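Hi everyone, thanks for coming along. I'd like to walk you through one structure today, so please have a look at the screen.

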Amino acid sequence: MKTNNDQLSKLPADEKRQLLIEALSYIQGFRKKIVVIKYGGAAMVQEEFKVSFARDIVLLQSLGMYPVVVHGGGPEVTEATKQYGLESKFIDGLRITDISSLKISEMVLSGTINKEIVANINAQDGIGVGMSGKDGRLILAAKMEHPEADLGYVGEIVRINPELILTLIEKGYIPVISPIGMGKDGNTYNINADTVASHMAVALKAQKVIFMTDVKGIMRNDELIDHATRNEVLELIEEGVISGGMVPKVRGMLHALENGVERVHIICGMDHHAVISELFTDKGTGTMLTII
Ligand SMILES: Nc1ncnc2c1ncn2[C@@H]1O[C@H](COP(=O)(O)OP(=O)(O)OP(=O)(O)O)[C@@H](O)[C@H]1O
Ligand SMILES: [Mg+2]
């Protein structure tokens with residue numbers, strides 16, 4: 001749904017009033033609540049969506065919430081990898097990462113993309129602070145073992161140290177986190193950004209984690225599934241309906257739900273102000289997951 005001022009001004013007065021009352025009832029409940037927003041995929045590439053995303057994040061903060069952004073950057077990493085004459089290979093939606101692709105991933109994720117999101121937030125009068133999982137020892141990682149292949153420098157999360165983030169949000173900053181972690185072995189690890197977002201939400205005791213991506217939500221035969229349970233999504237993975245990058249996303253969502261995060265959603269980042277409609281209206285968009 002495109003909700004710009006133009007469309008709003010066309011609404012009849014009582015509908016506007018209804019929308020406002022609906023939104024206000026949510027706003028009260030969100031004060032000082034942490035919401036982790038995973039920003040990823042092709043949704044991050046188009047300029048107009050980048051600006052509306054940053055505006056929404058700053059708006060959430062001005063309403064008293066504590067937004068924390070975790071970003072991916074698959075398409076940009078793939079593009080940069082190609083420019084360096086290397087090929088991107090995936091297994092179960094995870095990027096096989098040798099030392100050269102690790103360097104490219106870190107450069108693109110913690111450099112270009114991270115700073116661009118921070119700059120967009122700053123341009124909307126927020127105060128963004130960019131970091132990777134190395135900063136403040138935020139993400140302790142270890143090499144991920146896979147039964148069929150050596151994934152290289154693909155990491156799994158051992159521990160999140162949330163102190164830095166908690167300090168920043170209290171002081172009015174908006175943290176922007178790239179999915180790069182560090183191991184006890186001193187190695188750098190590339191971690192799936194959905195996994196980072198869900199572990200971050202658990203460590204921060206977030207009320208919500210929202211996954212913005214380049215599709216409407218979980219799709220089956222071109223139709224959006226607006227709500228699914230744990231068993232249903234596990235079956236969809238088994239059947240191959242959920243595949244590729246959607247697998248770590250759904251697994252991350254289940255991890256968050258099983259560890260105290262109340263609400264987890266997938267929404268489409270190519271929908272203007274999707275975060276706002278998800279948070280402040282009765283009729284959310286995308287897919288909501290629940291345990292039962
Ligand atoms: N059942 C499904 N419903 C919707 N999308 C699916 C499904 N199965 C696989 N996908 C794929 O998952 C993709 C989303 O995951 P992807 O990893 O590409 O993006 P992202 O996680 O938003 O971004 P990034 O990986 O850069 O953080 C979709 O574009 C789609 O191709
Ligand atoms: Mg992904």
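Let me start with helix α7, residues 193–203, which lies across β1, β2, β8 and β11 and runs at about 180° to β1. Those labels are DSSP runs, numbered from the N terminus: helices are H or I with at least four residues, strands are E with at least two. Axes here are lines fitted to C-alpha atoms, for helices over the stretch in contact, and angles run from 0 to 180 degrees between N-to-C directions. Contact itself means heavy atoms within 4.5 Å.

A quick word on ground rules. This is a predicted model, where local features need pLDDT of at least 70 and side-chain atom pairs count only at pLDDT 80 or more, while totals for chains, interfaces and linings use all residues. Residues are numbered from 1 along each chain as its sequence is written, chains are lettered from A and ligands numbered from 1 in the order in which they are written, and side-chain values use heavy atoms, with hydrogens and water left out.

Back to the helices. Helix α3, residues 47–62, also lies across β1 (34–39), β2 (66–71), β8 (174–178) and β11 (208–213), and runs at about 170° to β1.

Now, the sheet. In what order do the 8 strands come? They form an open, mixed sheet in the order β5-β8-β2-β1-β11-β15-β16-β14. At the edges stand β5 (128–132) and β14 (227–229), each with a single partner strand, so one side of each has no neighbour in the sheet. Averaged over the sheet, neighbouring strands are turned by 20° against each other, direction ignored. Two strands count as paired if DSSP finds at least two bridges between them.

Take β1 in particular. It joins β2 through 6 bridges, and the two run parallel; Y39 has H71 of β2 as its bridge partner. Is β1 covered on its two faces, or open? Both faces are covered, with I34, V36 and K38 buried on one side and V35, I37 and Y39 buried on the other. Buried means under 20% relative accessible area, exposed over 50%, and partly exposed in between, with a 1.4 Å probe and protein chains only.

Further along, β15 (residues 263–268) and β16 (residues 287–290) pair in the antiparallel sense over 3 bridges. There, V264 stands opposite L289, and I266 stands opposite T287. By contrast, β14 and β16 pair in the parallel sense, over 3 bridges, with T290 of β16 as the bridge partner of T229.

In the loop between β1 and α3 you'll find V45, which is partly exposed at 42% relative accessibility. Leaving aside neighbours within four places in sequence, V45 is in contact with K50 and E76.

Finally, the ligand. Which residues come nearest to ligand 1? Of the 21 around it (a heavy atom within 4 Å), the nearest are K38, G41, G74, T213 and K249. A side-chain N or O atom of D214 is 2.8 Å from an oxygen atom of ligand 1, and a polar backbone atom of M219 is 2.9 Å from a nitrogen atom of the ligand. Thanks, and I'm happy to take questions!

Definitions and conventions
A polar contact is a pair of N or O atoms within 3.5 Å; within protein, one must be able to donate a hydrogen and the other to accept it, and residues adjacent in sequence count only if both atoms are side-chain atoms.
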